[in-house]
Amino acid sequence: MSTVNGTRAPAALVLEDGRVFRGSAYGARGRSLGEAVFCTGMTGYQETLTDPSYHRQIVVQTAPQIGNTGWNDEDDESSRIWVSGYVVRDPARTPSNWRAKRTLDEELERQGVVGISEVDTRTLTRHLREQGAMRSGVFSGDALGTDEEMLAEVKASPQMKGADLAGEVSTKETYVVKAQGETRFRVAALDLGIKSNTPRLMAARGIEVHVLPSSSTVDDLLAIEADGVFLSNGPGDPATTAHATELTKSVLQREIPLFGICFGNQILGRALGLGTYKMRYGHRGINIPVIDVATKRVAITAQNHGFALEGEPGQRFETPFGAAQISHYCPNDDTVEGVRAFDVPAFSVQYHPEAAAGPHDAAPLFDEFVSLMEKKAK
């Protein structure tokens, strides 16, 4: 933990509504600006920090102790930490795990991520639940100023609504993840902020995954002769994704099997004619229930989204591509958690079936994607 002359260096978290939380510097010193959100996962902080979906967000961990297992070189979900800032209550003094290579504090500092510790995260989380996710800033070191100066910087920062961020986290060049064993299918995965475990799980099912930049065209998809198309998770406002939405419409017109998750769910929904809206504080964690309308089964899921599709649980609606239905919903607030088309081979869910980190209840959705491609191939 950062110290000055043996004492903990001060830091401040400043919220857009003027609320200030004091604590100690954690990770790098300086200033970070972003949207303050809370994550309820008690494990998997390394996967959370490296999830591109958290780009431009300051993540508050509701679990009181963070950093107990340190940082290893195997569990990253991308090439870097994407969160703008990090807020914890009680950071581990010494990590205890045989895979750990360094402390979380050291990794945050190494990657220049400004954090704050010793914050009353229970009070902070309750505040965000009541007031909603909002712009914020973490300040430490030379960046610390008066409350008025820091608040002015927060209010000058961009809002999440209207933010077009997928292109900032997407791969710049296409790369291929080979199938494990015999190649059964080839999938074009549009990288809007994809996590490493997603192509890994498809590869385990005999799928050769071509991960494409978010700017790819339908001709790029057709050039690799894909058996299916995958729309990944990612950050930002889905209302800004005109290109991805039009690309999805082209895929639906050609009746290529399509599967989307998280951000990809919102893009498929928009391609089918649904609207999207910004949620009050979103769903972020690995313990969020989802009900499948068709089977009534409940899955405990991993999620990270601050926007959602408009619609009601079980709602059927007509689209330019035939009939469709709101296929899944969250019983906590009736948020739309999935869409399924009936006349074209396409479906999506709002959660993360790759479960990194998280439960494995939703992993069979990748098998359902395989079944769609098998049916199309016959």
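How many salt bridges does the rule count in this structure? The count comes to 17 salt bridges. The model is predicted.

**Where the two domains meet**

- Contact between the domains involves 27 residues of domain 1 and 22 residues of domain 2.
- About 1,900 Å² of area is buried between domain 1 and domain 2. Carbon and sulfur atoms give 46% of that area.
- The rule finds 2 salt bridges across the interface of domain 1 and domain 2.
- It also finds 13 residue pairs in polar contact across the interface of domain 1 and domain 2.
- On the side of domain 1 that touches domain 2, the elements giving two or more residues are β5 (31–39) and α3 (121–131).
- That side of domain 1 has 9 nonpolar, 10 polar and 8 charged residues.

**The listed active site**

- An unreviewed UniProt entry lists Cys 262, His 352 and Glu 354 under "active site".
- These residues span 93 residues in sequence, yet no two of their C-alpha atoms are more than 11.2 Å apart, so they gather at one spot.
- Where does Cys 262 lie? Cys 262 is in the loop between β16 (258–261) and α9 (263–271).

**Salt bridges by name**

- Side chains of opposite charge can pair when their charged atoms come close.
- Glu 35 and Lys 278 meet through their side chains in a salt bridge, at 2.7 Å from N to O.
- Arg 99 and Asp 75 also form a salt bridge with their side chains, at 2.9 Å from N to O.
- Arg 99 lies in the loop between β9 (90–91) and α2 (104–110), and Asp 75 in the loop between β7 (65–66) and β8 (85–87), so this pair ties together parts that are 24 residues apart in sequence.

**Backbone angles to look at**

- Most residues other than glycine have a negative phi.
- Arg 56 is not a glycine, but its phi is positive, at about 65 degrees.
- Arg 56 sits in the loop between α1 (45–49) and β6 (57–61).
- Cys 262, from the UniProt "active site" list, is also a residue other than glycine with a positive phi, near 55 degrees.

Terms used: Residues are numbered from 1 along each chain as its sequence is written. This is a predicted model: local features need pLDDT of at least 70, side-chain atom pairs count only at pLDDT 80 or more; totals for chains, interfaces and linings use all residues. Side-chain values use heavy atoms; hydrogens and water are left out. Contact means heavy atoms within 4.5 Å. Buried area is the accessible area (1.4 Å probe) that two parts lose on being put together, summed over both. A salt bridge is a side-chain nitrogen of Lys or Arg within 4 Å of a carboxyl oxygen of Asp or Glu. A polar contact is a pair of N or O atoms within 3.5 Å; within protein, one must be able to donate a hydrogen and the other to accept it, and residues adjacent in sequence count only if both atoms are side-chain atoms. Helices (H or I, at least four residues) and strands (E, at least two) are DSSP runs, numbered from the N terminus. Ala, Val, Leu, Ile, Met, Phe, Trp, Tyr, Cys and Pro count as nonpolar, Asp, Glu, Lys and Arg as charged, and the others, Gly among them, as polar. UniProt positions are given in the numbering used here, feature names are shortened, and annotations may be inferred rather than shown by experiment.
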